[in-house]
Amino acid sequence: MDFAEWQRRLTVIITLAGLMLLTFTGRLYQKTVIEYKDTVQAAENQYMYRKEVDGQRGSIVVKLDDHTYYPLATNEERYEVIVVPNQVLDPKTTAKGLAPVIELSENDIYNKINNKKFYIPPLRHRLSRQQYDKITALHLRGVLLYPESVRIYPEKSLASQLLGFVNNDGEGNYGLEGTFDQVLRGENGYQVGEKDNQNRLINVNDEVKAKTGATIVLTIDRDIQRYVETTLADAVKNYQADSGSVVIMDPKTGAIIAMASVPTYDPNDYNTVAKDNQNVYINPVISNSWEPGSIMKPLVMAMAIDKGLVEPDTKETFGASIRVLNHDIYTAEKKAFGTETMTQVLENSDNVAMVWLANKLGNDSQYEEMKKFGFGDSPKLNLKNVAGGFMPDVKKWNDLTRATLSFGQGIAATPLQMVTAYSALANKGVMMQPYIVSDVLDEQGTISTIKPTEVGHVVSEDTSNKISLMLESVVENGLGKRAKVPGYRIGGKTGTAQVADPNGGYYEDRHIGSFAGYFPISNPQYAMVVKLDNPKSVQFAESSAGPTFGQIAAWVLYHQQVLPDKPQ
């Protein structure tokens, strides 16, 4: 080989070496300067591990007789399945193995994992322990299973409209879950460490512990709540009602003991509720108002007694009707009761007599007293969407307004407002603020305790005693006989309310039956309102809401072992 050939080959070798060096230098510059962050991240992803740890949601519980807590809303460990595509050896085999277990199509899984990405979103959430075991047994490389906390409701539909639910994004909706969402939510943490080539954690470098949200303790009695819901569902069915509600309160403290409505739903499966039926999420006891009808009469009677205008034995003679501003107001059966005491006015539920009583009160006085009972204002209950009903401003009252309000027409109230008002009658005239959360707890102990709060005195203790005896007489001698409980003194009042037509007037073929009262009269421990919407198999509340009230009252008294107070 001559010198020229040797020189040519050397030139080629030097040129190629130069090009290779230039290429290497360029790639090195690209990786170390231009793509530095991505390169470092890729390297770290090979051996570094970072896992966000969700803070567990706090529970909603009730207190049992042995002072332990029972969860109505809590959490259960489930699993999420994550696939790391760049670690998968065979995407087709992986997709085929996962598909029947996580109930996704093989093709969908394959399309998601057939790449070299470091991360894709979890394929499925809420996997059971059985699904976890099946996937683990497949020994699929690049398939990871992480525990996750899922909201569950052990008692299914029990108190569902009170509780609300947590959606798939972890957000509380409706009820307590919505109201206390921020309190119940935990604080997220994280864990940073090193992993081996099997993606197993081998060392923790940094960790911030997740914090569990607060626990909400309710005033609800679980046994009473369950019995109330069962009995109410039977009543709605038996009386062919569209719906119904019951609320029970401790009149001395304002604590809600039971709050139920029918129809209801299971918050575990909230997303199965049809779109046109999602008003079932709303709690009618606190959000839906109605013209309460005759259960308003004892309240107006108490106002008149407290003003010294009448006494329980005050007598007056009344006809079958009375004319007010060119409107004839009749008794329910359009018959005259003649001479009655005020106690008999309640026993007979005499509309005409109530108009006479309202006239004695006058507009300003009746309005002021009704405001004291809370009508037209939202009760300060620790829940969202608590309605205040409706009461017309006194400036818009006329003689007819005053007259119809005395027997519960032209005014709207929620079951919560009515039970709060009756509780005041039972509690020596002292109205208590209703509450349903007794304590808020964290992992260290009590954050806050809700104490009973007085709203004000609506009537005197003397008036309270008198109206209690009058209500007892309604049950013993009047239209409330079917609310009796053997061995116990029960007081209450029926209400058969007309249903307002949006086009004006009232429907001829619809009514709402209700019964409001408290027991035992000697020492009232429970105030209750029963409301049945449009029962079709009966005409009056004494045949629907009355016996439902009596059935629940009997069970509560026997179950709570309250001593009989009725002389035998």
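Predicted model: local features only at pLDDT ≥ 70, side-chain atom pairs only at ≥ 80, totals over all residues.
**Exercise 1. Two helices side by side**

Step 1. The handedness of the H9 and H18 crossing is right-handed.

Step 2. Now look at who touches whom. Sorted by class, the contact of H9 with H18 has 7 nonpolar, 4 polar and 1 charged residues.

**Exercise 2. Reading an open sheet**

Trace the sheet that contains E12, and find which strands stand at its edges.

*Solution.* Go strand by strand.

Step 1. The sheet is open and has 5 strands, in the order E12-E11-E23-E22-E21, with antiparallel pairing.

Step 2. E12 and E21 (491-500) each have a single partner strand, so one side of each is left without a neighbour in the sheet and they form the edges. From one strand to the next, the twist averages 10 degrees.

Step 3. Zoom in on one pair: 6 bridges join E11 (residues 243-249) to E12 in the antiparallel sense. Met249 has Ile256 of E12 as its bridge partner.

Step 4. H16 (residues 415-426) lies across E11, E12, E21, E22 and E23, and runs at about 150 degrees to E23.

**Exercise 3. A strand with two kinds of pairing**

Compare the directions in which E10 pairs with E2 and with E18.

*Solution.* Take the partners in turn.

Step 1. E2 (residues 60-63) pairs with E10 (residues 215-218) in the parallel sense over 3 bridges.

Step 2. E18 (residues 437-442) is joined to E10 by 4 bridges and runs antiparallel to E10. Val217 stands opposite Asp439 of E18.

**Exercise 4. One valine in a loop**

Is Val280 buried or exposed, and which residues does Val280 contact beyond its sequence neighbours?

*Solution.* Locate the residue, then check its surroundings.

Step 1. Val280 sits in the loop between E12 (256-262) and H10 (284-287).

Step 2. Its relative accessible area is 5%, so Val280 is buried, the cut-off being under 20%.

Step 3. Outside four places in sequence, Val280 touches Gln161, Pro263, Thr264, Tyr265 and Val273.

Technical notes:
Residues numbered from 1 in each chain as written. Heavy atoms only, no water. Buried < 20%, exposed > 50% of the residue type's maximum accessible area, 1.4 Å probe, protein only. Contact = heavy atoms within 4.5 Å. Pairing = 2+ DSSP bridges. Axes fitted to C-alpha atoms, helices over the stretch in contact; angles between N-to-C directions. Left-handed = near helix turned anticlockwise from the far one by under 90°. Nonpolar A, V, L, I, M, F, W, Y, C, P; charged D, E, K, R; others polar.
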